[in-house]
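Trainee: I should like to learn how to read a protein model feature by feature. May we take one example and work through it together?

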Amino acid sequence: MKTKTQQTLEQMLFARLKKTGGKYRARTSIDGARTRLTIEANSKRNAAKTAAANAITERAARKNPKLADILAIYKTLAAANNSGASLKPATARKNAQSLMLILRAAKLDALTITLSELSPAAVETWRRYYYKKAGLQWDIPNPDKNTSLNSTWRQAKSVFSRRALEAYARAGYTIPQNAIDFAETPELTPTKKLGFSPIDEETDATLKRLSALALDGKRGQGIPAPDVAAMYQMARFAGMTLNEIKHFRPSWIIRRRGATYINVAEDGAFTTKRGTKNRQIPVDRDRLDKWLAALKNTDFEAAQTYKRANEWLKAYLPDRSKKLHEMRKMACSEMLDRTGNIFLASKFIGNSVNTTTKYYANLLTAIKPL
């Protein structure tokens, strides 16, 4: 049965061509129009079928999404969050990278894996792998290694935090229970004992003296290279992190009211682990000039300054693991000794008051009353 459109089309064609007596042409045009209408109708039906099939596939995919799907949402969580506690894009990338590290150690393909394939067993495989890589026995807990693994794990499981799960739900994704179980895998124990034991005064004085000689151009037994000495002093006297030292630049130096400060600033090439480390560090101007001279045109990666600094410190601090980082802790410890003010010490070191209290509160008992 012909549709109204087809009937109207035939009438128009017959009326137009009747005047010329072109019956053959009229019939050919009508057949061509019918063919086009049939093709259009079939195309519409096929497109509708394809759309319906895609919708079914998409609904199924959202019930068991790939990890890549939810990571795309997680990395834009800062824009979707209206609570005021934003997630920095740099932090989101680091958390996602930590999760990738765990999956690679467990020999899982992060690009194609679905959330239903995640399990606590993957976390244990990753932990065992890094114990073996460090030459440690899995059945003998190592506090330092556990602390390091727990730090990475806290970043990785943030991908399944409460706020992240809410964002996935808003996007229509259903997170399977086994992925939630994966994120709820407990941390390793025991962890490193809280608190900090300052380096003994004699060793501290020796390191200060040798680094000062190096920056004055002296050479001799035990005296480090100038770039190593500068890196040590930036951690010891300014409490700077390795990341801050490696990205240190003269534009960070500001002078105000006769005082000199290092204004740690984020930009495209440098981001801090947390925003709390953006700070102004008071420094001695003469000492700062020596650092600048020693580090001029220094390529930290090519010169392996960090490794050489730790090698130099190894002879004096054999019992300390992150030797250069211990200098940063000494800077905070000294600031706390001098002021007795946990708030000022936290501002100086770039940590929260809670973190500074957790690690340095035991030092408050050693401060003598005025």
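Trainee: What average pLDDT does the chain have?

Mentor: The term pLDDT is the predictor's confidence in each residue, from 0 to 100. The chain averages 82, and 80% of the residues score at least 70. Over residues 81–85 the pLDDT is below 50. Beyond near neighbours in sequence, that stretch has four contacts in the model, a contact being heavy atoms within 4.5 Å. Where pLDDT is low, the predicted coordinates should not be read in detail.

Trainee: Which residues of the largest nonpolar core touch the most other members?

Mentor: In soluble globular proteins, nonpolar side chains tend to be buried together. A nonpolar core is a set of buried Ala, Val, Leu, Ile, Met, Phe, Trp, Tyr and Cys residues joined through side-chain atoms within 4.5 Å. Buried means under 20% relative accessible area, exposed over 50%, and partly exposed in between (1.4 Å probe, protein chains only). Here the largest core has 46 residues, and Met-240, Phe-248, Ile-262, Ile-281, Trp-291 and Leu-313 touch the most other members. Elements giving two or more residues to this core include helix 10 (201–215), strand 3 (280–283) and helix 13 (285–295). Helix 11 gives the most, with eight residues.

Trainee: With which residues is Ile-281 in contact, leaving aside its neighbours within four places in sequence?

Mentor: They are Ala-238, Met-240, Thr-260, Tyr-261, Ile-262, Val-264 and Phe-348. There is also a second, separate core of 38 residues, which includes Ile-73, Leu-149, Ala-156 and Val-159.

Trainee: How many salt bridges does a search of the whole structure find?

Mentor: A salt bridge is a side-chain nitrogen of Lys or Arg within 4 Å of a carboxyl oxygen of Asp or Glu. The search finds 13 of them. In one, the closest N and O atoms of Asp-204 and Lys-208 are 3.5 Å apart. These two residues are four apart in helix 10, so about one helical turn separates them. Asp-204 is buried at 8% relative accessibility, whereas Lys-208 is partly exposed at 25%.

Trainee: Which parts of the chain does the pair of Asp-216 and Lys-290 tie together?

Mentor: Their side chains meet in a salt bridge of 2.8 Å, N to O. Asp-216 lies in the loop between helix 10 and helix 11 and Lys-290 in helix 13, so the pair ties together parts that are 74 residues apart in sequence. Asp-216 is partly exposed at 43%, and Lys-290 is partly exposed at 36%.

Mentor: Another salt bridge joins Arg-308 and Asp-227, with the closest N and O atoms 2.4 Å apart. Because Arg-308 lies in helix 15 and Asp-227 in helix 11, this pair ties together parts 81 residues apart in sequence. Arg-308 is partly exposed at 32%, while Asp-227 is buried at 10%. Salt bridges that share partners also join Asp-204, Lys-208, Arg-236 and Glu-334 into one network.

Trainee: Is Ser-211 buried or exposed?

Mentor: Ser-211, found in helix 10, is buried, with a relative accessible area of 0%. A polar atom of its side chain lies 3.0 Å from the backbone oxygen of Leu-207. Not counting residues up to four places away in sequence, Ser-211 touches Ala-229, Tyr-232, Gln-233 and Trp-312.

Trainee: In which sense do strand 1 and strand 2 pair?

Mentor: Two strands pair if DSSP finds at least two bridges between them. Strand 1 (residues 253–256) and strand 2 (residues 259–263) pair in the antiparallel sense over four bridges. Ile-253 has Ile-262 of strand 2 as its bridge partner. The two strands form a hairpin with two residues between them, and Arg-257 in the turn has a positive phi of about 55°.

Terms used: Residues numbered from 1 in each chain as written. Heavy atoms only, no water. Polar contact = N/O pair within 3.5 Å; in protein donor to acceptor, adjacent residues only side chain to side chain.
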